[in-house]
Amino acid sequence: MQKKIGIVIVSHSQKLVEGLVLLLQEVAKDVCITFAGGSNGGIGTSLDTTLNAIESNSATNIYAFFDLGSARMTLEAALELTEKSIQIFNVPIVEGSYTAAALLQVDTSEVDIQNQLLELNINK
């Protein structure tokens, strides 16, 4: 069963995001989770890779999570290049994406998910 909301995670590290996705898949096997990690085999982010992660996600509504500020900027740039609806959350990448994935898996309402993520919000 495919969920109507997917998750995209953008990290400066390929290894970090691959490990995180493995963790999320343990609690959210029915949620489409795609990711972009690293840039040109090293540390960084890539607009092309981020856009590919968004477009390859089977959901049209996306919850997006990032590790550092420039990854957020990359997500914001990708917003301009896709027709998908994307909500970027300013929360710790592990706790936030895990919370969203687990709650999406059990069909929690969008309002309840967003309220729980708001409690994790980083105010910077």
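Contact here means heavy atoms within 4.5 Å. The model is predicted, so that local features need pLDDT of at least 70 and side-chain atom pairs count only at pLDDT 80 or more, while totals for chains, interfaces and linings use all residues. Residues are numbered from 1 along each chain as its sequence is written, and side-chain values use heavy atoms, with hydrogens and water left out.

View 1. Thr99 lies in helix H4, residues 93-105 (helices are DSSP runs of H or I with at least four residues, strands are runs of E with at least two, and both are numbered from the N terminus). With a relative accessibility of 19%, Thr99 counts as buried (buried is under 20% relative accessible area, exposed over 50%, and partly exposed in between, with a 1.4 Å probe and protein chains only). Leaving aside residues up to four places away in sequence, Thr99 touches Gln116, Leu117 and Leu120.

View 2. The buried residues of H1 are Val17, Leu20, Val21 and Leu24. Seen down the axis of H1, these buried residues fall within an arc of 105°, so they line one face of the helix (the arc is that of the directions from the helix axis to the C-beta atoms). Their cover includes strand E1 (5-11), strand E2 (33-37) and H4, whereas Lys15, Leu22 and Glu26 are exposed on the other side of H1.

**View 3. Tyr98 in helix H4.** Tyr98 also has its place in helix H4, where Tyr98 is partly exposed, with a relative accessible area of 32%.
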